[in-house]
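Please keep the sequence and the model in view while reading.

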Amino acid sequence: MSAIVCGIENTSSVLNILPADGAEWVELFVREMMSATSTDDARARATRVLESLAKSISAGARAEAAQKFQKEQKEMILRDNAILKRAVSIQHERQKEYNDRNQEVQQLKQLIVQYQEQLRTLEANNYSLKMQLQQAQQCNSIPGRFHPDIF
């Protein structure tokens with residue numbers, strides 16, 4: 001009891017010895033009032049106890065608000081993290097589709113090159129056969145008549 005009484009008389013040390021709940025605050029207040037030597041002393045003691053109570057309540061409210069803010073921040077970060085994970089997943093799928101399509105386009109370009117080469121070869125063969133046919137027709141002595149073994 002003397003530590004609390006000394007604590008009330010010395011305002012700086014009362015902040016180090018604060019009651020934990022309402023019942024302890026009431027006990028402290030009653031002890032301080034019983035220890036008062038005069039009305040002015042009782043008033044001063046009551047003022048110090050009530051100021052300490054107000055500071056304690058304010059500190060508790062700040063701590064509770066800070067905890068609530070931290071909890072809300074954590075929840076917001078977790079939501080943002082989930083959104084970012086989903087966005088990365090979507091972007092990854094899109095990139096994968098783009099790569100697959102790009103690979104398909106490259107394969108089709110290679111096929112186009114092959115088909116163009118085949119077309120040139122066929123056109124060259126066609127031209128060669130056309131020239132051979134013209135030459136054969138010019139060498140034929142009877143125009144309009146073809147060798148019976150051909151037809």
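R120 and E117 meet through their side chains in a salt bridge, at 3.1 Å from N to O, where a salt bridge means a side-chain nitrogen of Lys or Arg within 4 Å of a carboxyl oxygen of Asp or Glu. The model is predicted, so local features need pLDDT of at least 70 and side-chain atom pairs count only at pLDDT 80 or more, while totals for chains, interfaces and linings use all residues. Residues are numbered from 1 along each chain as its sequence is written, and side-chain values use heavy atoms, with hydrogens and water left out.

**Salt bridges**

- R120 and E117 are three residues apart in helix α4, and therefore about one helical turn separates them; helices are DSSP runs of H or I with at least four residues, strands are runs of E with at least two, and both are numbered from the N terminus.
- R120 is partly exposed at a relative accessible area of 46%, and E117 is likewise partly exposed at 43%, given that buried means under 20% relative accessible area, exposed over 50%, and partly exposed in between, with a 1.4 Å probe and protein chains only.
- Salt bridges that share partners link E32, D41 and R45 into one network.
- R45 counts as buried because its relative accessibility is 4%, and D41 counts as buried because its relative accessibility is 19%.
- Side chains of opposite charge can pair when their charged atoms come close.

**Around R45**

- S35 is placed in helix α3 and is partly exposed, with a relative accessible area of 28%.
- S35 and R45 are ten residues apart in sequence, and their C-alpha atoms are 9.1 Å apart in space.

**Surface patches**

- E93, E97, D100 and E104 gather in a patch of negative charge on the surface; patches are made of residues with over 30% relative accessible area and no salt bridge, like charges being joined within 9 Å and nonpolar side chains (Val, Leu, Ile, Met, Phe, Trp, Tyr) within 5 Å.
- E97, one of the residues of the negative patch, lies in helix α4, which spans residues 39-139, and it counts as partly exposed because its relative accessibility is 42%.
- V26, V30 and M34 form a nonpolar patch with about 310 Å² of accessible area together, and V26 has its place in helix α3, residues 22-35.

**The chain as a whole**

- The chain has four helices and zero strands, and its elements run α-α-α-α from the N terminus on.
- Buried residues make up 11% of the 151 residues in the chain.
- The accessible surface of the chain comes to about 12700 Å², with 57% of that belonging to carbon and sulfur atoms, as computed by the Shrake-Rupley method with a 1.4 Å probe.
- Among contacts (heavy atoms within 4.5 Å) between residues at least 6 apart in sequence, 48% join residues at least 24 apart.

Terms used: Lys and Arg count as positive and Asp and Glu as negative; His and the chain ends are not counted. The place of a charge is taken as NZ of Lys, CZ of Arg, CG of Asp or CD of Glu.
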